[in-house]
Amino acid sequence: MSNNDIQTIKNTPKTHSKELRGSSLLALGLFVVVDVLGFSLVLPLLPYLTQYFGLTPSLVGLLQSSNAIAQLLAVPIIGAMSDCYGRKPLLMISVLGTLVSFLLLGAANSIFWLFFSRILDGLIGGNISLAKSYITDITTKDNRAKGMGVIGAAFGLGFTLGPAIGGFLVKIDYMYPVYLASFITGLNIVGVYFLEESLPLDKRIQLDGSTFHNAFKKVFQNLGTVIADADIRPVLSMHFLNLIVFGIFEHSFGFYNLIVFELEARSSSYLLATFALFYALIQGGANRMVKKYSETNLLKYVLVVLILSYILYAIAPSVFILRAVIIPLAFSSGLTSTLISSRISQEVDPSLIGGTMGITAALGSLSRIVAPIIAGLFIENYGASTPFYICSLVGGVVLLIASVKPLVKRE
């Protein structure tokens, strides 16, 4: 073996085999937990933090939408760069961007810095999409579902723990959750440093003038191909409308609790943690329910519960009723999302699965742009409970589509 061969071996990064390794999944799962934990620590506090800056609900909605707009534009570029340089360097840059954005949020003394911190996180913080790419690199079709399941479970765990911890810390100081989010994001930087690269050198693409153009072109090509499929359009419509419903709820939750019931940030965070816990629990048990009941009928029944839960939440006369309604609301919301995702996977042509998953991700980003603006405008102009009636109305449209559109399974 020549000296050149030895040097080439030394310079080649360690890579995972396609035999799914528990250590790799554990490391990536912890990465996702910590990443989501940082985000969910701050999320329920936004309506309270922005009181200091005199923001209206519609401006707070625009603040959250600015992050989603930046992310929608940046994710294809980040993905293309990771195809060129590997996942690990982009993960490191992404986590560093999230850390800086949290530090800026904690130090913000004007509306400009609030918006700048959220836009920066959207432009650089493509952490979850990069984690999914990492999973794709180290898995085969046979074990990919297990890998993606780890990301889903880690996301649910982080989203449950974040509001609960934030609710405890806010008793001390409103900014403590932001400081903790910064700290645990810093821990993620250490975790990424020890993470092995997943994309071998021979699998990477060359960066040239057409790389980013092709990344965006592929998104629009997938969109055109999927939309041309008449069977999948109604299911994607259900998916998008359900995301809008969840986004409106997510944005209105804190404002409603504050304006109508004058709940402190701590109590509102605990309530959101309860929602997240039951939301995650029902997703874990969805498979058993599908085996017992007809999937089509189950979706319709669950949507009825979801619609009624939103109405009950809007007219709740006391905090006790809020706490009671949050449980069926979380169950029905989590199960609706799972059942709609299942229908997409069953109805889409197998050759279009990759493109369809890309479209569902884009619809998720679009919903995070639209929903906060809708919620903010309705809260500001028609009252804090109005968005929940909008949620029930849009849920009714999803129920109508689910009732008219039969399930078409494709092999």
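The dialogue below takes up these features in turn.

Author: This is a predicted model, in which local features need pLDDT of at least 70 and side-chain atom pairs count only at pLDDT 80 or more, while totals for chains, interfaces and linings use all residues. Residues are numbered from 1 along each chain as its sequence is written, and side-chain values use heavy atoms, with hydrogens and water left out.

Reader: How is an aromatic pair described, and how many aromatic pairs does a search of the whole structure find?

Author: A pair of aromatic rings is described by the distance of the centres and the angle of the planes. Rings of Phe, Tyr and Trp (its six-membered ring) pair if their centres lie within 6.5 Å; planes under 30 degrees apart count as stacked, over 60 as edge-to-face and the rest as tilted. The search of the whole structure gives 21 aromatic pairs. The planes of phenylalanine 246 and phenylalanine 249 stand at 50°, with the ring centres 6.4 Å apart, so this pair is tilted. Phenylalanine 249 also forms an edge-to-face pair with tyrosine 313, at 6.4 Å centre to centre and 80° between the planes.

Reader: Where do phenylalanine 249 and tyrosine 313 lie, and are they buried or exposed?

Author: Helices are DSSP runs (H or I, at least four residues), numbered from the N terminus. Phenylalanine 249 lies in helix H11 and tyrosine 313 in helix H14 (residues 295-315), so their pair ties together parts that are 64 residues apart in sequence. Phenylalanine 246 and phenylalanine 249, by contrast, are three residues apart in helix H11 (residues 232-261), and about one helical turn separates them. Buried means under 20% relative accessible area, exposed over 50%, and partly exposed in between (1.4 Å probe, protein chains only). Both phenylalanine 249 and tyrosine 313 are buried, the former at 1% relative accessibility. Ring pairs also build a cluster, whose members include Phe246, Phe249, Tyr313 and Phe388.

Reader: Which residues touch the most other members of the largest nonpolar core?

Author: A nonpolar core is a set of buried Ala, Val, Leu, Ile, Met, Phe, Trp, Tyr and Cys residues joined through side-chain atoms within 4.5 Å. The largest has 55 residues, and those touching the most other members are Phe249, Tyr256, Phe275, Tyr310, Tyr313, Ile326 and Leu329. Helix H11 gives the most to this core, with 12 residues.

Reader: How is a cavity defined, and which element gives the most to the lining of the largest cavity?

Author: On a 1 Å grid over the protein atoms alone, a cavity is a set of points where a 1.4 Å probe fits but cannot get out; lining residues have an atom within 4 Å of a point. Grid points are joined across faces, edges and corners, and a volume is the space filled by probe spheres set on the points. One cavity of 30 Å³ or more is found in the whole structure, and about 110 Å³ of space lies in the largest cavity. H11 gives the most to its lining, with five residues. Among the lining residues are Leu43, Val60, Glu250, Phe253 and Leu272.

Reader: What backbone feature does glutamate 262 have?

Author: Glutamate 262 has a positive phi of about 55°, although it is not a glycine. Glutamate 262 sits in the loop between H11 and helix H12 (265-284), and counts as exposed at 66% relative accessibility.

Note on methods: Helices (H or I, at least four residues) and strands (E, at least two) are DSSP runs, numbered from the N terminus. On a 1 Å grid over the protein atoms alone, a cavity is a set of points where a 1.4 Å probe fits but cannot get out, and a pocket is an open set with protein on both sides within 12 Å along at least five of seven lines; lining residues have an atom within 4 Å of a point.
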